[in-house]
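Subject: Structure handover, with notes on cavities and disulfides

Dear colleague,

Please find below the structure I promised to pass on to you.

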Amino acid sequence: MNLHRWIVIALTILLFLGTFLSIIDSAQPPFSCDKLNSQSDSFSFCKTTLPIPARARDLVSRLTIDEKISQLVNTAPAIPRLGIPAYQWWSEALHGVAYAGPGITFNGNIRAATSFPQVILTAASFDVHLWYRIGQVIGKEARAVYNEGQATGMTFWAPNINIFRDPRWGRGQETPGEDPMVTGKYAVSYVRGVQGDSFQGGMLKHGELQASACCKHFTAYDLDNWKGITRFGFDARVTEQDLADTFQPPFRSCIQDGQASGIMCAYNRVNGVPPCANHNLLTQTARKQWGFHGYITSDCDAVSIIYEQHKYAGTPEDAVADVLKAGMDVNCGYYLLNYTKSAFLQKKVSESDIDRALQNLFSVRMRLGLFNGDPKKLLYGSIGPDQVCTKEHQELALEAARNGIVLLKNSAKLLPLSKKITSLAVIGPNANNAFVMLGNYQGPPCISVAVYKALQDYVPNAVYHEGCNAVNCTSAAIDDAVNAAKGADYVVLVMGLDQGEETEQLDRESLTLPGQQESLITAVANAANKPVILVLLCGGPVDVSFAKDNPKIGSILWAGYPGQAGGIALSEILFGDHNPGGRLPLTWYPKEFVNIPMTDMRMRPDPSSGYPGRTYRFYNGKKVFEFGYGLSYSTYSYNFVKVAQSTLYLNQLSATAQVTATSSNAARYLAVSEMSRDSCEKAKFSTVVGVENSGDLAGKHPVLLFVRQAKATNGNPIKQLIGFQRVSLDAGAKAEIEFTLSPCEHLSGANEDGLMVMEEGSRYLVVGDKEYPINVVI
């Protein structure tokens, strides 16, 4: 009911703006091959009956060398003699159509777009269908902006599917978290939704894209600016084992299953080689091994730093040659515009190198329908401003925020609060700031409701005090905040971080709350009449052990950056109109973890040096909160109803694959690469998990299924998530959830050579506190 009121207000404002702007004619979206232009009939690239590769080759063959070079950068100019308009490759849509890139404007009839929670919070829902629906909305609203003439491109540089390896990373908020499988599943759902594919995939066989998604940053990129070490010069030293089972799988999923039409190569070097100049990575792996068919862009100015920062290339022309021969297609920046001609004249690049890139670029533009005549008369031509910021889209933004927010503590069932309370103090620098909830790479939201404003819908006379001068809390009005708390029956503290503490080009050096926030929280908790409620707005984890262990802090919620409807979602959870069910998609480390250099890329622990490893899969140190942790107002229990196979015989999986042992006392294994696809398919088996909601409230609950080895050796994970599903259960209700297990995928791991293998030995399927033994034998 609260959201409906805010939506009515927002739609009224948008209607007024639309009326006010009605004197402005909506611009025609840029396109080629106008049917009204007789010249178009003479161009084979305009003939939609021809295959797109043939059309792209024809177009490229008509360009002069200078025209070709002009198209190798993100701001591609028009070629009037062929009726080709200018094109902007750089647009952003991380969690809603954004104004971060130059390809989108919000200065016409469309002034806003649905702003979903920042990705890290959306991931906490563990709901692939939700992720897909969000992608659908973003793709539809992106197409509407284009159709309205407010976009000069339809290629969106999202999602960010790097692994949230280190809790200090400023851009970790943009990712789905630390688990490779979750990250891969998110990538597939988002990409399919944005591009106009079905949830199951396979609808884009004819190539028609609603919008183009681009998976970034390829690969092993997760450091921006830490203690003076920047992404522009950092060399990520990564083992073959870690590449195989941590950094590369999300990109493989994005390409093979999601069928993404774009990839972005990263700034940093990986084992000495810049990704944009790595032929093995871009061509051998992405295109030939994984079957990628799309365009590859550099990150912005990533080509220039190959020469200027990394010193990998001897001259600017060498850098140009390196990236074009590696398989990169377009440069975000101007290095290729400035130096490709001289590289060509010096015979460091050939015209065929340039043609290859251009054919990839124009093929994607053709798949978007931009060379098929007036786009308003084509498949997605009817999508207009009336399909932006709709009631349904805004309801989905609210649903995403509700389902992602994680309840971390709820002593003595402090929450939910009674709707009869009349006295509430809302304190904190994030309490009355709607903008902070958007996170980075944001666009103008349809509505904007701060936490304090949303809570006033439940307690109209709630009082507010900021507590700190800003989120960095260099000064705190502790006495005033304490007085506000003393005058109220209940207190909600809205604290945490913002983009001044964590963002692109800004990694953290501390895992504690900034400035005097902790002192403020503790003082208010000590003075309050009842245990207080602490709400944390942040992307990366913070060490709040002081609050976790303090009985005067009764409840803690993590809300990430919850988007345009985040304030409403939080108020609904606090007052029991929604039962929280989010679960953490990343480990919350103790503050001492900052003693580990952020530059150490190793995932596995090293007992000889005391290095503890990273993420729940390998980290063996103490935790503030574990990956997958999350409470509810209900209590859920599990049991294994049925496991179709409890013993797996490796020698029966394939007649040709060789069972191998690295030494006489090592575990024997079977290489997955030696298994045929048919053998892997036949080896799949079913596991059925029973779930019961024994609480008094209905709830949506993510069920997480892990596998762990009885004895983790050879660098194997402590445990590994192999499946997750979200289930809705009424109070007292039960359900059975079926998981399909693929031994080739779920029971394998990477060895030190980066080879995926299935080792013999005992394993356990794990859900909650229940385990089921699985034996892998020869």
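The second largest cavity is lined by His-95, Gly-96, Val-97, Ala-113, Thr-114, Ser-115, Tyr-441, Gln-442 and Gly-443, where a cavity is a set of points, on a 1 Å grid over the protein atoms alone, at which a 1.4 Å probe fits but cannot get out, and lining residues have an atom within 4 Å of a point. Please keep in mind that this is a predicted model, in which local features need pLDDT of at least 70 and side-chain atom pairs count only at pLDDT 80 or more, while totals for chains, interfaces and linings use all residues. Residues are numbered from 1 along each chain as its sequence is written, and side-chain values use heavy atoms, with hydrogens and water left out.

The volume of this second largest cavity is about 30 Å³, a volume being the space filled by probe spheres set on the points, which are joined across faces, edges and corners. Its lining has 3 nonpolar, 6 polar and no charged residues, with Ala, Val, Leu, Ile, Met, Phe, Trp, Tyr, Cys and Pro counted as nonpolar, Asp, Glu, Lys and Arg as charged, and the others, Gly among them, as polar. The largest cavity holds about 60 Å³ of space, and its lining, which includes Pro-30, Phe-31, Tyr-146 and Arg-365, is made up of 8 nonpolar, 3 polar and 1 charged residues.

Turning to the cysteines, the whole structure contains 7 disulfides, each a pair of cysteine sulfur atoms within 2.5 Å. Among them is the link of Cys-33 and Cys-46, whose sulfur atoms are 2.1 Å apart and which is left-handed, with -80 degrees about the S-S bond. Cys-300 is joined to Cys-332 with an S to S distance of 2.0 Å, and this link is right-handed at 70 degrees; both cysteines are buried, meaning under 20% relative accessible area with a 1.4 Å probe and protein chains only.

A further disulfide is formed by Cys-389 and Cys-446, with sulfur atoms 2.0 Å apart. Cys-389 is buried at 2% relative accessibility, and Cys-446 is buried at 8%.

Two other cysteines deserve a mention. The closest cysteine sulfur to that of Cys-214 is in Cys-215, and because it lies 7.0 Å away it is too far for a bond. For Cys-538 the closest is in Cys-468, at 15 Å, also too far for a bond. Cys-214 is buried, with a relative accessible area of 0%, and Cys-538 is buried, likewise at 0%.

With best wishes

Conventions:
On a 1 Å grid over the protein atoms alone, a cavity is a set of points where a 1.4 Å probe fits but cannot get out, and a pocket is an open set with protein on both sides within 12 Å along at least five of seven lines; lining residues have an atom within 4 Å of a point. Buried means under 20% relative accessible area, exposed over 50%, partly exposed in between (1.4 Å probe, protein chains only).
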